[in-house]
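Reader: I would like to learn how to read a few side-chain features in a model. Please take them one at a time.

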Amino acid sequence: MIDTLNFHLDLKEMDKTTFSKLMQRISITKQKIFHDRYGMEYVYFYGNIGHLKVILCKSRIFIKDRSICKWIKGDNLHTLNRKEIEDGIDRLSDILHLPMDQAKVSRLDLGQNFIVQQPAENYLSHLGILSRAKRLCQFHGLYYNKTNLQLIFYDKLKEYKQSNDKMPEQYNNKYMLRYELRLLQKLSSLLKVPEVTTGLLYNKDFYVNLVKLWHTYYKAIQKINDIDLNFDAIKNKKDLHRVAILNLLKDHNGEIEVTDQIDEALECRKLTSKQACDLKAIIIKASEIKKGFVTTNEAIKELNQKIDDFASNEIS
């Protein structure tokens with residue numbers, strides 16, 4: 001569940017020999033000198049502990065921008081559960097001779113890989129809008145950008161191959177979709193706690209809340225189902241109105257394309273915010289599952305079930 005972590009530990013209260021001992025425990029590769037606006041000089045040392053990237057200065061040690069899962073398990077085709085996170089932080093504490101369970105977390109990626117029946121792009125095309133998020137379909141995958149966080153869906157095996165890592169045989173001829181929730185800034189506000197430390201990550205109640213948050217954001221994404229127009233099912237004016245909207249969506253490459261056009265009209269001031277919001281609400285309402293008009297897409301039905309099952313197992 002937990003993958004990339006950025007965290008740091010203050011060294012100001014540590015023994016005076018701590019810094020020199022850390023220099024021996026970390027494989028240092030380079031150093032940089034910085035000056036603040038008052039002319040004070042600061043030296044930063046860059047290195048690694050296995051796969052983990054480490055930045056060290058006199059007052060602080062940083063671990064950042066790398067998958068702690070890959071450091072612990074050797075790859076991130078698997079993800080870490082609560083016990084494995086605890087064991088990994090304990091191991092890092094033993095290597096550095098520091099209380100790394102007290103380190104403050106500044107970024108936290110929650111992710112899970114799913115073996116699926118179809119190519120990843122078949123699932124991405126059926127993930128629609130998310131309230132107050134910018135939906136971006138890019139070469140690497142599908143992104144939802146919100147303030148301080150990001151959701152990403154992508155083909156995990158394709159990414160793994162591009163990293164030149166050797167593919168385990170059990171994944172040959174398989175499809176793997178990854179869903180990540182990246183908490184990028186202001187974690188205490190997002191998670192409603194005074195402070196997020198690495199030790200808190202393996203607290204049972206806190207971990208359950210992380211899983212629930214990850215699951216809740218997925219559930220909040222509007223799912224794009226298959227339009228299956230059956231004109232024999234039209235019984236009243238409401239049905240006819242809905243069929244007209246669905247026909248419009250079908251003729252304009254689906255609801256994502258139409259909502260993008262609404263956003264463009266809003267940016268050009270051809271629509272007010274209220275008008276754009278009302279139009280999107282009409283589209284969402286028309287696209288709800290209803291016999292004779294819209295049917296559940298099989299790919300999204302499969303993904304819904306896998307994500308629901310995983311969240312349920314982690315919480316129990």
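Reader: Where is Y38 found?

Author: This is a predicted model. Y38 is found in the loop between β2 (27–35) and β3 (41–49).

Reader: Is Y38 buried or exposed?

Author: Exposed is the word for a relative accessible area over 50%. Y38 has 65%, so it is exposed. The side chain of Y38 also makes a polar contact, at 3.1 Å, with the side chain of R37.

Reader: How far apart are Y38 and H8 in sequence and in space?

Author: The two residues are 30 places apart in sequence, and their C-alpha atoms are 25 Å apart in space.

Reader: Next topic, rings. What describes a pair of aromatic rings?

Author: Two values describe such a pair: the distance of the centres and the angle of the planes. A search of the whole structure finds 10 aromatic pairs. One of them joins Y179 and Y218, with 5.9 Å centre to centre and 50° between the planes, and this pair is tilted.

Reader: Which parts does the pair of Y179 and Y218 tie together?

Author: Y179 lies in strand β10 (residues 175–183), while Y218 lies in helix α7 (residues 204–220), so the pair ties together parts 39 residues apart in sequence. Y179 counts as buried, at 1% relative accessibility. Y218 counts as buried too, with a relative accessibility of 1%.

Reader: Which residues form one aromatic cluster?

Author: The cluster is formed by F114, Y144, F153, Y179, W214, Y218 and F310.

Reader: What sits over the ring of Y218?

Author: The charged end of K223 does, 4.2 Å from the ring centre. Another ring to look at is that of W71: R91 lies over its face, at 4.1 Å from the ring centre.

Reader: What lies 2.9 Å from a polar atom of the D75 side chain?

Author: The backbone nitrogen of L77 lies at that distance. Leaving aside neighbours within four places in sequence, D75 is in contact with C69, K70 and Y160.

Terms used:
Residues are numbered from 1 along each chain as its sequence is written. This is a predicted model: local features need pLDDT of at least 70, side-chain atom pairs count only at pLDDT 80 or more; totals for chains, interfaces and linings use all residues. Side-chain values use heavy atoms; hydrogens and water are left out. Rings of Phe, Tyr and Trp (its six-membered ring) pair if their centres lie within 6.5 Å; planes under 30 degrees apart count as stacked, over 60 as edge-to-face and the rest as tilted. Helices (H or I, at least four residues) and strands (E, at least two) are DSSP runs, numbered from the N terminus. Buried means under 20% relative accessible area, exposed over 50%, partly exposed in between (1.4 Å probe, protein chains only). A charge sits over a ring if NZ of Lys or CZ of Arg is within 6 Å of the ring centre and within 35 degrees of the ring normal. A polar contact is a pair of N or O atoms within 3.5 Å; within protein, one must be able to donate a hydrogen and the other to accept it, and residues adjacent in sequence count only if both atoms are side-chain atoms. Contact means heavy atoms within 4.5 Å.
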